[in-house]
Amino acid sequence: MAGDVLVVAEITGGSMRPVSLELVSEGRRLANTVGSAVAVAVLDEAQAHAQVLGAYGADRIYAMPGAARGPVSAVEALARELEPQVILLPATAAGSDLAAALAARLGAGLAANCISLTADPSGALMQKRPMYAGKVIATVETATGPRVVTARPRVFGLGQPDASRAAEIISRPAPEPSPTEAVVELVELVKAEREELDVAEAEVIVSGGRGLGGPEAFGILRELAGLLNAAVGASRAAVDAGWMPHSHQVGQTGKTVSPRLYVACGISGAIQHLVGMSSSQVIVAINKDPEAPIFTKCDYGIVGDVFEVVPALVEELKRAGVGSD
Amino acid sequence: MDIIVCIKQVPDTAAEIVPNADGTAIQTEGIPWVMNPYDEYALEEALRAKERLGGGVTVICLGPQNAVGTLRTAVAMGADNVLHLVDPAFEGSDAHAAARVLAAAVKGLKYDLIWCGKMAVDDACGYVGTALAELLGVPHIAAVVKVETAEGKVTAHRETESGTAVLRCPLPAVLTAEKGLNEPRYPKAIDIMKAKRKEIQAKGAGDLGLAPDSLGAAGSLTRVTKFERPPERGGGTVIEAPVAEAVQRLVAGLREQAKVL
């Protein structure tokens, strides 16, 4: 497999999203297997990010300040120049949209939300990805390069950084956005009222479902989440009832998550929810109903009333010194 | 305002999905089929715009013979015209080939706006709506949770990790629907009855002027070589103890055994 592995980093408000380094790490592993290089596209100034990108495995960084105005056109131009074998993008809101448009423009196959990538010496790339919301894992092969691949945050682990590695920065002028891209204007970006962790990126998630009985009960989950530095998630039942916004929904019509720890409170465990969280490292379930399906998927379960168990858990965590450092 | 809505028929989200014995496909017997949930939001939004501003809603569905059921649901919800793209030559199409078929069907139709779901819940590519816009050479806004049209422009809100982005572009455009956009209506029993009598127009590859090598497996860029079940996740320990002791054992387990605290 000749040609670079091209990673598209995501920079928002000057800071790089952590998923970018996960993709660089995975790109490095892939490039080592097939003997190619890792190029990173930064649609902004790259100076501030060069050291860490290099440490995680970037060989070359293409800095394209101003390219955020027309990201598809910018990455398209770079891809036509470099002819990479694989283009890795984050499966974030922006990254997923960029990947689809880029694949369409390049006439390249898209494998979205991949969970593993295996290159074989013949040049084929086995791209494993969930279908039917994770009820099935499909192996996808793309006939010819470039292959456009997206991955959700926390799916690919970070590699071992090597501070002695340095990446070369190459500046590229941002191309004019294509006509269809140029006519889409950003009117405004409305920040969330409460500065909250995104469930897709969080290392720990505390999630609530129908068993909470109403929106007020999410208050006690927030206290637990605060101690664990966790994002607050919700089941479809809780979102459909209007207790939490959809951006917090975990499951088939919400987000698929892979945290280190997932604490499900008052969630019975409908299949649509289970498939969205079953790749969590450790799952804790707290539910009144001992027959709830969630208990068949969890590592630790407590049968009991959320309103008694969660405050008791908060006290126990405080006693054990969690969250005090 | 003339609106086209592209819909797909998919397995009900509550259905169990399992690969067949040799992992070449999924078992489809006994699966209940429904309209893709994101396409329902798309159709509902189109119907609301029609009710407010006039015009017509045309629904296009690329799918096998049995997708007629989902097209009838669209009629019962209020679609004015429906078009079924059905041909053995379409079978085995990936998202790229599917977008090409839809683009061929849309060309020649009059539209101000095209709605798609942000993704289909079966193959979950999230590609077709955006690719359709690229193939038609019109702008798009993906994963929309709120929309307004005025003076030939559409303003749409989409959720991102850093907040809600409000975007605006001129019509015609393609929008893709995210959950939260609206609450789709349930068709009335009488409309379901009436929809059964609606004549459903069907078109195949020949009608769309598409070459066979641009369709199905031959026209696809990606191929699924294997379907498998995800790794089983067994149930762990249910801690049977009074609350105070249970949480103590839980914290100890998370800390010492699982090492996640």
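Predicted model: local features only at pLDDT ≥ 70, side-chain atom pairs only at ≥ 80, totals over all residues.
1. Leaving aside residues up to four places away in sequence, A:R60 touches A:D4, A:A37, A:V38, A:A39, A:V40, A:L82, A:A167, A:E168 and A:I170. The residue itself sits in strand 5 of chain A, which covers residues 60-63.

2. Is A:R60 buried or exposed? Its relative accessible area is 18%, and the cut-off for buried is under 20%, so A:R60 counts as buried.

3. Now for the polar partners of this arginine. The side chain of A:R60 meets that of A:D4 in a polar contact of 2.8 Å; A:D4 is also among the residues listed as touching A:R60. A second polar contact, of 2.7 Å, links the side chains of A:R60 and A:Y62.

4. Next, please turn to helix 9 of chain A, residues 306-319. Its 14 residues reach 19 Å from the first C-alpha to the last, close to the 20 Å expected at 1.5 Å a residue.

5. Both ends of this helix have something to look at. Just after helix 9, A:G321 takes a positive phi of about 80°.

6. Which residues of helix 9 of chain A are buried? They are A:V306, A:V309, A:V310, A:A312, A:L313, A:V314, A:E316 and A:L317. Their cover includes, from chain A, helix 6 (218-228), strand 16 (261-265), strand 17 (282-287) and strand 18 (300-303). Chain B takes part too, through its helix 7 (243-257).

Notes:
Residues numbered from 1 in each chain as written. Chains lettered and ligands numbered in written order. Heavy atoms only, no water. Helix = DSSP H or I, 4+ residues; strand = E, 2+ residues; numbered from the N terminus. Buried < 20%, exposed > 50% of the residue type's maximum accessible area, 1.4 Å probe, protein only. Polar contact = N/O pair within 3.5 Å; in protein donor to acceptor, adjacent residues only side chain to side chain. Contact = heavy atoms within 4.5 Å. Expected span 1.5 Å × (residues − 1).
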